[in-house]
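Here's a quick briefing on how two chains meet and how one of them is put together. Have a look at the structure first, then read on.

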Amino acid sequence: MAAFTVARSGGRFLRGLYAFKGLGTGRYGPAVSAVRSVTQQQMRSYCAGHLSVQERIEKKRRAALVGGGQKRIDAQHQRGKLTARERIELLLDPDSFVEYDMFVEHRCSDFGMEADHNKYPGDSVVTGQGRINERLVYVFSQDFTVFGGSLSGAHAQKICKIMDQAMLVGAPVIGLNDSGGARIQEGVESLAGYADIFLRNVTASGVIPQISLIMGPCAGGAVYSPALTDFTFMVKDTSYLFITGPDVVKSVTNEDVTQEELGGAKTHTAVSGVAHRAFENDIDALLNLRDFFNFLPLSNQDAAPVMECHDPSDRLVPGLDTVVPLESTKAYDMLDIIHGIVDEREFFEIMPSYAKNIVVGFARMNGRTVGIVGNQPKVASGCLDINSSVKGARFVRFCDAFNIPIITFVDVPGFLPGTAQEYGGIIRHGAKLLFAFAEATVPKITIITRKAYGGAYDVMSSKHLRGDVNYAWPSAEVAVMGAKGAVQIIFRGKENQAEAEAEYVEKFANPFPAAVRGFVDDIIRPSATRKRICRDLEVLASKKQTNPWKKHANIPL
Amino acid sequence: MPTVVFLLQTECPGLAKDVRDTEVDISGPESKNPNQDFVSTNQLSIKSHTHRVLNWLVEPKSWSGLLLSGPVMAASGEMFLNSCLTVLTNVCLSWQTFDKILIANRGEIACRVMKTCKKMGIKTVAVHSDVDSSAVHVKMADEAVCVGPAPTNKSYLNMDAIMKAIKQTGAQAVHPGYGFLSENKEFARRLAAEGVTFIGPDTHAIQAMGDKIESKLIAKKAKVNTIPGFDGVVKDAEEAVRIAGEIGYPVMIKASAGGGGKGMRIAWNDEETREGFRFSSQEAASSFGDDRLLIEKFIDNPRHIEIQVLADKHGNALWLNERECSIQRRNQKVVEEAPSTFLDPETRQAMGEQAVSLAKAVQYSSAGTVEFLVDSRKNFYFLEMNTRLQVEHPITECITGLDLVQEMIRVASGYTLRHKQADIPINGWAIESRVYAEDPYKSFGLPSIGRLSQYQEPVNLLQVRVDSGIQEGSDISIYYDPMISKLVTYGSTRAEALQRMVEALDSYVIQGVTHNIPLLREVITHPRFISGDISTKFLQEVYPEGFKGHQLSDSERRELVATAASVFVVAQIRSQRFLGNLRVSSSQQERRRWELSVELEKGVHAVTVSHSGSVDLDGKRMDVSSEWNLASALLPVTINGTQRTVQCLSRNAAGEIELQYFGTSVAEGQEICVIEAMKMQNSMTASKTAKVKSVHCKAGDTVGEGDLLVELE
């Protein structure tokens, strides 16, 4: 076997961290020297004034392109990070980026900020629009080389401008965050800037997809913008998200904690659930983001994208007939099922390291984007708990907001019992998932692979919550609870528990009780699942369903 | 289109005299549209009134006339043949042997036996352990009975349960396959006591040949060449050392009861003899419940060549030519071929005749194999006789045209052989590769387990036969043999068969478990193998440091880089193909050129790929074309006019592409702990020098993949 890495756009990016050295002198060099030779001839006509404007434009552009200067660019590269512009170049299709507000400068006049050397054309963020696989996207990329990427009034204004435009035309916004925080010199203006962004994040929520990729520090109030967007991705080792840094933590709570432990990629993807996924480095993150972008519609007015697909939609998956073990207590990997069913085994998992008892992510079926939710029997038997409910609920709501059909694979023994869960509010949090599934009006297809017990059965996109097509595999067991528990209640104190258990299993540990009542539409052979889902999605593509008018629903937050 | 006539030769020497040639007249092709499937049963009329039609032969000339009339005809012709076959066998053969056979085995061999049973119209009964209840052999059988839990001694070796299954299903005969109960005389005896036919030799032959010491005595008497050495039961390690000293090193130590390489160790000095004794006796005890051992002279640089014999219950025996099985690791066969490149007709005949005389000496019936070691001067020595169907029997079937299982069933039901020695041909060449779920980079193959997440056999290729008992989604578990399949290719010449094998190995998709295809491919393309210069030490000699995988040549490297770059570009182009989306930019120019940097292992290459498929690699142009179906694991590509089959194992958004074409990977190492997996003892080796910190397992524990066994400091 041979492993390859193929990088886009030549050797520059593979070893790309040093790629942009010397930019500006190279590309704009000849023009500049031409201008010089003209001035040397001392032409004193009105042309001269025009030329000097021309010269100033070029100069500003040059300055904007190098941001905080070569030294800071080198420092950025040394940290293993790309610059704001390099990131945009990698993220977008070649030559598709159209920049706005390159000439905007900060307006602060305190603390010597008004001095020329403290002014950078474009300030500490690069904004504009471009294309990812030829589809429109708005982008802002914070420039750490300019005042540590700190957010000034002008910086915020630039971001707000592209967000407003994205809302007007209906196109996603991607933010590449790399900022030390508020521009302290500007005081309240900076804070106002944050709030302006927050407001737009909130208004845009559910209208256009918003994605944040944290590629450096993001601290204090700044963290709430990513938190308000639909997806937050991080880069391992170089990105941090926290409300207050380790120093403040030490002074307030006397805890010793490193930046990485407090708010690194691992913390947020595995412990807090703040971030949805982490990538190895800038390049990996940006290329994955391109891949991810292809799953999303441009706005809530657009249908989920359909891509050319080579994987036959009627492909049988023989492996699925044996994937569920015979003993109902034995675990298996839900990802085996998902990979087998989706196009080309391609599954973009969201939050793969957090609340692993539920699996969520995007895939395609016959080229069409679908959201997949599945209980994971491999982890905690696939039960629902606080974290998995919240993880699932947010994902379902995203899909519903953006017209992405939801396919749910059910193998759930119930909600996790215990004081920790009850005190933590499993009732309130579990209700979120129930709410999300019930509220969703996109096509909903459900496959019960094995257990569907108790309230958790209801929750997992059941027929009763307007599931469009609900299937059961022959291994499905839809019941209030497992045989053992049920028998202990029904036949409390009676002997012959084993016999009763066998009777219960015979009656309930199979798909029939649900099938005879029409709660599942069919019992299907696992190997035919892909075929059936693809067919159903085609039928459901024209599904139209609306909820009654309301200002907004009141999901149990 | 001429009328096609099938001649049914119905000879049955030992039976009724009224049997005579039967003619089956098939008319119709000329009166019908040749493009349609023109055969139906009513077009077959059996002219003769004979009631015992035992065999049929296709008259080759008329048949080839049919095939020559184009591919469409060939396709329907094949269907035609198959339907004739089924009809004939069903009509003529079903009732003469058995109605129902129980197959006391699992995996590929169970499936193999069932195929012939189906062909003969015999109902089949599968037995299985609980973990195997959805296995292929169970699905394939007409009936299935669970005989116990996963461990073999509680299921497939559980005679009580199997006897019960026989009674329950009313099976008239039992085919034991190989391994398990196939050479168990007690099982054969119990079947006989119940009046159930054992499809194999009788108890006497099993017993005589199953015991290494007794078998040698019989062989000597039958004037079969035997290996110089000591025949006797070995009591302890010191006795082993003394015997070894008398014979002279090197010596081979093995279990008396075991077949193949099980429990067999080679010792070059006293210390190794003691160790060999310990291992072999333990393994013999655990596998066969019989810890007797045998020590004999070890023949240096030998070839392992075996003769297939077939005998009936009426004292007739045939030899069906040889199989060369010299490519072995740890004394287990890896690649086999028939015929051998080494034997001349005289040696072949001498070996065949000795094999037959041995078979006759033990009143052998059924199919069996006499194994010989052949030294460089074509001296051959009797090794042992396997009283069962061998794993590698398909290659003999390929070159002789016989169905050994069918012959076994016939013979078991009392018929005489229907061939004469002169009827046994060597037609073409057949090669078998044993595809195992093993890591070939560790001791040429340490078992690996897992679920076959993707599995696709190369059966679409011509003259490729795959005997397997698994399918996509099957588990390769710790309980059973890790063999995935037997991949057999056939050709009119050896070179042709080898070429087909390369293609078949390249097109074999196995994902989810580590497999030995890289090793198999290296062996069959190695110059020494191609020239036929092989011995049982082939692997150790060719890979003294252990198998390290294929070392890419510069041109192969370039091909791979070009392919990877093309795959990447194709994926890029495709990721812009949105269907029915009106919001894709229409103003942008289609991209015609991609400048890429491809990193293969440690080397970085500048590659330019054009829209049309031409690749410029480090300044040199290459043409790469393919249908580029990215959903398929197989990527047939044409690079500068050469056909290659590459597999795309994985591909991600960050541009990492994993291709399979040749193997690459490394491993090295001191024995620290012995794990018993899949009936084989495997040594675990330390990859670096370290102190043992703690041991987390006890002897006899069952361990799973990823379990921590020994911690090193």
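**Where the chains meet**

Between them, chain A and chain B bury about 4500 Å², 51% of it on carbon and sulfur atoms (buried area is the accessible area, 1.4 Å probe, that two parts lose on being put together, summed over both). This is a predicted model, so local features need pLDDT of at least 70 and side-chain atom pairs pLDDT 80 or more, while totals for chains, interfaces and linings use all residues. Residues are numbered from 1 along each chain as written, chains are lettered from A and ligands numbered from 1 in written order, and side-chain values use heavy atoms, without hydrogens or water.

- Chain A puts 49 residues into the contact and chain B puts in 53 (contact means heavy atoms within 4.5 Å).
- The two chains share four salt bridges (a Lys or Arg side-chain nitrogen within 4 Å of an Asp or Glu carboxyl oxygen).
- Arg451(B) forms a salt bridge with Asp336(A), with the closest N and O atoms 3.8 Å apart.

**The parallel sheet in chain B**

- Five strands of chain B make an open sheet with parallel pairing, in the order 6-5-4-7-8 (strands are DSSP runs of E, at least two residues, and helices are runs of H or I, at least four, numbered from the N terminus; strands pair if DSSP finds at least two bridges between them).
- Strand 6 (143–148) and strand 8 (197–198) of chain B each have a single partner strand, so one side of each lacks a neighbour in the sheet.
- Helix 5 (residues 159–169) of chain B packs on this sheet, touching strands 4, 5, 6 and 7 of chain B, and its direction makes about 155° with that of strand 6 (axes are lines fitted to C-alpha atoms, for helices over the stretch in contact, and angles run from 0 to 180 degrees between N-to-C directions).
- Strand 4 (residues 100–103) and strand 7 (residues 173–175) of chain B pair over three bridges, and Ile103(B) has His175(B) as its bridge partner.

**The antiparallel sheet in chain B**

- Eight strands of chain B form an open sheet with antiparallel pairing, ordered 17-16-13-14-15-18-25-23.
- The twist averages 25° from one strand to the next.
- Nine bridges join strand 13 (residues 303–311) to strand 16 (residues 366–374) of chain B, and Gln308(B) is partnered by Thr369(B).
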